[in-house]
Amino acid sequence: MLTALASQLPEVPDEGGQLVGRCRAGDEGAWRLLYDGHFDFAWRTARRLGLPEADADDAVQEAFQVAWARLHTFREGRFSTWLYRIVANVVSSRLRKHRVRDVFDGLFGRGPADATSVEGQLEAREALGRVERVLRRLSREKREAFALHEIEGLTHEQIAELTGARVETVRTRLFYARKEFAMHAHAMGVEP
Amino acid sequence: MSHVPWREAYRQATERPPPGAKARVWRAMAAPPRGDGRRWWAPAFAAAMATGALLVLALWPKPVTGSALGDGYALFARGATYSVEGRQVSLRRGRLAVSVWGAPLRVDAGGQRVEVESAVAVFEMAGEQMRVLPVDGVVLVEGARVRATSVSRTAAGDVGPLLALEPAEAPLSRAEVVAAAAVEAGAWDEAVAAYALVAASTSLRAEVALLKRGELELRQLSAPARARATFDEAASRFPTGALALERSLSALEAAAALSDWSDVDRRAQAFEATFPASERLAEVRRARALALYALHQVDAACRVAQHLRQPVPFSPQCPADER
């Protein structure tokens, strides 16, 4: 029951049922409906998992393309849950590249390459960039648990459903994620 | 660095995509695939992969327990995965006993290279590590000579079936290689012992071994009495052997080294009778002449010396017609 996320979704008739069936049959109109109904959700998920805004469009595009190619593997349940996992995968892979870039930037004495930290940007955007960098430092599992709970406001049970993990596991991940986040956040001047 | 309340700011900033993002991404996406998105070639690909996997499984080398006989070598494998190409054996897993009596065999295992010159050795792959147990003969591990050690019970279990495969002359070939290597290394006692092993057989190689053993005793160990006994043993075992001439000369030399002049005289006469046309006859006669002189038989010595082209030290004492 993804109440918080579902409340953000526009009305999509028969979510995950008939529409997916029509998409499989090659109905472009159905695909457009599915896309329109889930774009904001996918974009928000990507951002809240720590992906910079400059990358969000590309990540969402990639996620929808993957969803299309693998639509035949969608069996049952909510389409949004299935799509969430694809988005999370895409985000994870992109953040990995960001982390490598951050490490190299650190090695060569430059600050992490980020559009939001360019000189002259607004302070709020800089703060946003710092939060993204802190999120990037967490492992995928901890980042998901942290973002879904602290930012999305989902319960442990909802996170467990979304990520396919056990509730106890989510609790543990969250515990360590908070500790790590607080540590990195303090170092980067992000208020806990 | 200023502190900012991140949670609310972040939540708001990531709440909605920027205007136009949805349409932009839709346009950027390639036209969605038609049909149900299934790849038509997927089943064919899966079938090809499965066939490939089966083939690999069928061709994958399996552990073997048993023996094999090659050109100048024998192998006994115990749960071993190995392959042989020419004179190179690659051991991947398990234990392999190798006996070589011909040209050297190379054994590669665990990144190590071992040259089995002429030896019996057991190789064992434990994980990625190779263990070599040389049982007999010469084994070169990465170029370094490794001596045979006492045979462990485990290795003995593998060596038994291996030796049963070998031809009769294999141990002799091995001993010859060991002896030659020992001579090269200046390990005279080891060489003598190895030749003694070959000499115990009843073939030409035994005769050769006796001669080489006697030569080592005479020249390297400075033991002329032992050398003469060895040459005499060779003469009694192989009276008409192919190496009788060389052996007789060496025995004569041993007798001279012992200052046993009567024996030198006796051996020289025997040589002349047996090899009257030998190129070495002059040399033997000269030795006899000197021996007779040492025995104070000056006349006899002069008679023998008169046939020599080169004068002997006592020539001035001989009558003029015998010089």
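The structure is a predicted model, in which local features need pLDDT of at least 70, side-chain atom pairs count only at pLDDT 80 or more, and totals for chains, interfaces and linings use all residues. Residues are numbered from 1 along each chain as its sequence is written, chains are lettered from A, and side-chain values use heavy atoms, without hydrogens and water.

The pLDDT is the predictor's confidence in each residue, from 0 to 100. Its average over chain A is 77, and 76% of the residues score at least 70. Residues 1-11 of chain A stay under 50, with 27 contacts beyond four places in sequence (contact means heavy atoms within 4.5 Å). Residues 109-121 of chain A are also below 50. Where pLDDT is low, the predicted coordinates should not be read in detail.

Helices are DSSP runs (H or I, at least four residues), numbered from the N terminus. Axes are lines fitted to C-alpha atoms over the stretch in contact, and angles run from 0 to 180 degrees between N-to-C directions. Helix 7 (residues 140-151) and helix 8 (residues 156-163) of chain A pack at about 135°, with axes 10 Å apart. The two helices are therefore oblique to each other (angles under 35 degrees count as roughly parallel, over 145 as roughly antiparallel, 65 to 115 as roughly perpendicular and the rest as oblique). Helix 7 contributes A:Glu144, A:Ala145, A:Leu148 and A:His149 to the contact; helix 8 contributes A:His156, A:Ile159, A:Leu162 and A:Thr163.

Helix 8 of chain A also packs on helix 9 of chain A, where the axes come within 8 Å and cross at roughly 105°. This pair is therefore roughly perpendicular. The residues in contact include A:Ile159 and A:Ala160 of helix 8 and A:Val170 and A:Leu174 of helix 9.

A salt bridge is a side-chain nitrogen of Lys or Arg within 4 Å of a carboxyl oxygen of Asp or Glu. A:Glu180 pairs with A:Lys142, with the closest N and O atoms 2.5 Å apart. This bridge links helix 9 (residues 167-188) to helix 7 of chain A, across 38 residues.
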